[in-house]
Amino acid sequence: MAAHATTTSAASESHGFLSPTGVEIAFLLVGLVTFGAAVVTVTTKQLVHAALWLVVALGGLAVEYLLLTAEFIAWVQVLIYVGSVVVLLLFGLMLTRAPIGRSPDADSGNRWAALTVAITAAAALVWVVVDAFRTTWIDLDGAAVGSTEVTGASLFQSWVLPFEALSVLLLAALVGAIVLSRKAKANAANAATTTNTPSTRNDGTRNDGTGKDTPRSDKEGAR
């Protein structure tokens, strides 16, 4: 702890807001690109373009984590959000046959309310982060404090019980989703079988399940 405090104090003395390093300048530029991509994501009326700009925004966040020497969180960002969530969103757009061009329905009348909530949440988040880390500096040129090795050692030594509990919770959610999907398929199959079963009426006609009445043959009438 003493060595870490010495490192942060030395870093704070050697760097300042008026003498940014190359990493800090890159962090600012990537942040501006990420912010622009996020704004386009929520303002465009083309759903496919919104999904692609979301990839840019999430990828920019991963680059920011890398610049902060948090490589584990950066790769989690790429694998889970860019590699899973966005791909799932694109598959949802394809399977639901969403319009590829401009969609007037992609707008909402609550735009100002949403903008107010977004600005308030962003201001609160910035205030909390600045207030908590006002005098803390990270030595980006030193040893990586957020590497996979350091994060894994901390995760499986100090936080192994919550990690395993979360794994069991995700497994239970997966099993529940499988059970619910099988019940839905079984109910749909039973409904389709009941609808398509031919039925005979007393007036000499037969419903073949297609909505059309067909006359019975003599053999069927004798039965």
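In this briefing, a residue is called buried when its relative accessible area is under 20%, exposed when that area is over 50%, and partly exposed in between, using a 1.4 Å probe and protein chains only. By that rule Ala-57, with a relative accessible area of 7%, is buried. The structure is a predicted model, in which local features need pLDDT of at least 70 and side-chain atom pairs count only at pLDDT 80 or more, while totals for chains, interfaces and linings use all residues. Residues are numbered from 1 along each chain as its sequence is written, and side-chain values use heavy atoms, with hydrogens and water left out.

**The protein as a whole**

- The secondary structure consists of 8 helices and 3 strands, where helices (H or I, at least four residues) and strands (E, at least two) are DSSP runs numbered from the N terminus.
- Read from the N terminus, the order of elements is α-α-α-α-α-α-α-β-β-β-α.
- The protein has 223 residues, of which 12% are buried.
- Of the contacts with a separation of 6 or more, 52% join residues 24 or more positions apart; a contact means heavy atoms within 4.5 Å.

**Helix H3**

- Helix H3 covers residues 47-67.
- H3 has 21 residues and reaches 31 Å from its first C-alpha to its last, close to the 30 Å expected at 1.5 Å a residue; the expected span is 1.5 Å times one less than the number of residues.
- Its buried residues are Ala-50, Ala-51, Ala-57, Leu-58, Gly-60, Ala-62 and Glu-64.
- The cover over these buried residues includes helix H2 (22-43) and helix H4 (71-95).
- Apart from neighbours within four places in sequence, Ala-57 is in contact with Thr-34, Ala-37 and Ala-38.
- Ala-57 and Val-33 are 24 residues apart in sequence, and their C-alpha atoms are 7.8 Å apart in space.
- Glu-64 also belongs to H3 and is buried, with a relative accessible area of 9%.
- Beyond neighbours within four places in sequence, the contacts of Glu-64 are with Phe-27, Val-30 and Gly-31.

**The loop between H3 and H4**

- Thr-69 lies in the loop between H3 and H4, and it is buried, with a relative accessible area of 14%.
- Most residues other than glycine have a negative phi.
- Thr-69 has a positive phi of about 60° although it is not a glycine.

**Helix H4**

- H4 has 25 residues, which should span 36 Å at 1.5 Å a residue; its end C-alpha atoms are 34 Å apart, which agrees.
- Ala-74, Gln-77, Val-86 and Leu-93 are buried in H4, and H3 is included in what covers the buried residues of H4.
- Gln-77, in H4, counts as buried at 7% relative accessibility.
- Leaving aside neighbours within four places in sequence, Gln-77 is in contact with Leu-58, Leu-61, Ala-62, Tyr-65 and Val-82.
- Gln-77 and Leu-58 are 19 residues apart along the chain, with 7.3 Å between their C-alpha atoms.
- Gly-83, another residue of H4, counts as partly exposed at 39% relative accessibility.
- The C-alpha atoms of Gly-83 and Val-55 are separated by 9.1 Å, and the two residues are 28 residues apart along the chain.
- Just after H4, Arg-97 takes a positive phi of about 55°.

**How H3 and H4 pack**

- H3 and H4 pack at an angle of about 175°, with their axes 8 Å apart; axes are lines fitted to C-alpha atoms, for helices over the stretch in contact, and angles run from 0 to 180 degrees between N-to-C directions.
- The two helices are therefore roughly antiparallel to each other, a term for angles over 145 degrees.
- The residues of this contact divide into 19 nonpolar, 2 polar and 1 charged; Ala, Val, Leu, Ile, Met, Phe, Trp, Tyr, Cys and Pro count as nonpolar, Asp, Glu, Lys and Arg as charged, and the others, Gly among them, as polar.
- Residues of H3 in the contact include Leu-54, Leu-58 and Leu-61, and those of H4 include Gln-77, Tyr-81 and Leu-89.

How values were computed:
Parallel < 35°, antiparallel > 145°, perpendicular 65-115°, else oblique.
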